[in-house]
Amino acid sequence: MKNVILKKTLFSLIFLLSFVGFSQNLPLSKEAKISVLTCGLGNETYSYFGHTAIRVADPTNNIDLVYNYGAFDFSTPNFVMKFAKGDLQYFVVVHPFADFMNEYNYEKRSVFEQELLIPQDSKQKLFDNLNTTLLSEDRYYTYKFIDKNCTSMVVDIINKSLNENVIVKKGDTDITYRSILFPYFDGHFYDKLGTSIIFGTKVDQLGTKIFLPFELKNSLEKTTFQKHALAAKSQTLLSFQKETPKSWWNNVYTYLFILAFVVLAHNKIVDKIYLLVLSLIGIFFVVVGIYSFHQELAMNYNVLLFSPLLLILIFLSILKNKRWTYRFAVLHLIFLIVYALFIINKAHFLIVLPMIITSGFVLVRVALRNKKRIPIII
């Protein structure tokens with residue numbers, strides 16, 4: 001979902017204040033059109049999933065504006081910590097349509113438009129609700145990856161203006177959020193791996209909510225209101241072919257090479273470094289899961305693979321405590337088996353399978369090195 005990094009320039013403030021003051025209680029003409037804009041995928045982290053916005057065009061009143069719920073202020077104090085914790089405030093802003101299109105043309109991302117086929121009074125109510133939001137505390141919202149984002153906020157305000165839950169998800173309600181997200185990371189291997197292991201049980205729930213731009217676009221095509229289609233057929237305003245990036249390092253081959261090196265090196269120091277990395281990742285998962293308000297990061301069963309207890313295993317190995325090193329190695333082999341069985345039917349099974357196999361080799365080696373040998377008496 002497109003997250004616009006809003007710089008609080010004098011120009012943007014003047015435009016916002018002057019527009020809102022002008023548009024309050026402004027009656028839309030019969031020529032007014034309100035539409036949903038769906039923007040194509042990009043190769044920057046913020047643009048992997050596309051973007052959703054609302055366009056209000058009224059030639060009689062010389063209005064052609066885009067309402068964008070994906071804005072945040074990068075200069076917010078403790079920005080990174082707030083984003084990680086999940087209490088970063090996003091807000092709605094308004095752009096001239098021409099500026100909005102210029103941005104996407106520059107980024108070479110497609111833009112699709114679906115006009116809402118709703119009565120004049122509903123258009124007016126939606127327009128008024130959008131402008132009221134700009135002047136109220138409702139302008140701000142706490143971003144949530146699935147539950148509150150630029151797409152879900154658009155769905156909410158349209159449904160509110162129509163006085164009923166008209167827009168609901170159509171299709172893909174029988175697969176998980178994790179499965180829905182997976183294809184969006186094509187060409188960004190380590191982003192796919194990272195999100196696979198940092199997300200917990202919430203993304204394994206069935207994806208019944210609209211939370212991605214193209215889910216909304218597809219749902220609008222199948223939604224009816226007052227016995228007719230809610231939206232007109234999608235029109236392409238900009239068309240670009242998404243280019244999948246190629247990287248010498250951000251791909252599955254470097255991932256497999258590193259893991260193969262760990263397995264084939266058969267070296268105590270390499271094994272310890274590998275286990276140390278896993279344990280530190282696991283500690284990070286636990287801390288973030290407790291600290292963050294993002295429900296997607298809670299209850300992360302991937303700590304069975306990235307166990308913080310591996311740090312104790314390494315410490316015991318350094319102390320040459322063979323008995324307890326062996327026991328912790330066996331314990332983590334059990335964790336590994338349980339983990340593999342638990343995720344075997346999940347979307348990220350194949351991407352973490354090489355790491356499961358590598359961990360298995362390393363832990364077996366550690367166990368064998370520290371297993372108490374019974375002397376043979378001849």
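**View 1. Helices α12 and α13 run roughly antiparallel to each other.** This is a predicted model, where local features need pLDDT of at least 70, side-chain atom pairs count only at pLDDT 80 or more, and totals for chains, interfaces and linings use all residues. Residues are numbered from 1 along each chain as its sequence is written, and side-chain values use heavy atoms, with hydrogens and water left out. Helix α12 covers residues 322-343 and helix α13 covers residues 349-370; their axes come within 9 Å and cross at roughly 160°. Axes here are lines fitted to C-alpha atoms, for helices over the stretch in contact, with angles from 0 to 180 degrees between N-to-C directions. Angles under 35 degrees count as roughly parallel, over 145 as roughly antiparallel, 65 to 115 as roughly perpendicular and the rest as oblique. Helices (H or I, at least four residues) and strands (E, at least two) are DSSP runs, numbered from the N terminus.

**View 2. Here's who touches whom between α12 and α13.** On the α12 side, look for Y326, L333 and L336, among others; on the α13 side, the list includes I356, L363 and V364. Contact just means heavy atoms within 4.5 Å. The residues of this α12 and α13 contact split into 14 nonpolar, five polar and two charged. Ala, Val, Leu, Ile, Met, Phe, Trp, Tyr, Cys and Pro count as nonpolar, Asp, Glu, Lys and Arg as charged, and the others, Gly among them, as polar.

View 3. The axes of α7 (residues 189-198) and α13 come within 10 Å and cross at roughly 80°. F189, K192, L193, S196 and I197 of α7 meet I351, V352 and M355 of α13. Sorted by class, that's six nonpolar, one polar and one charged.

**View 4. A salt bridge joins E113 and R55.** Their side chains meet at 3.0 Å, N to O. E113 sits in strand β6 (residues 111-115) and R55 in strand β3 (residues 51-58), so to speak distant parts of the chain, 58 residues apart. A salt bridge is a side-chain nitrogen of Lys or Arg within 4 Å of a carboxyl oxygen of Asp or Glu, and by this rule the count comes to eleven.

**View 5. Take care with residues 1-14, where pLDDT stays under 50.** pLDDT is the predictor's confidence in each residue, from 0 to 100. Across the protein chain the mean is 90, and 91% of residues reach 70 or more. Where pLDDT is low, the predicted coordinates should not be read in detail.
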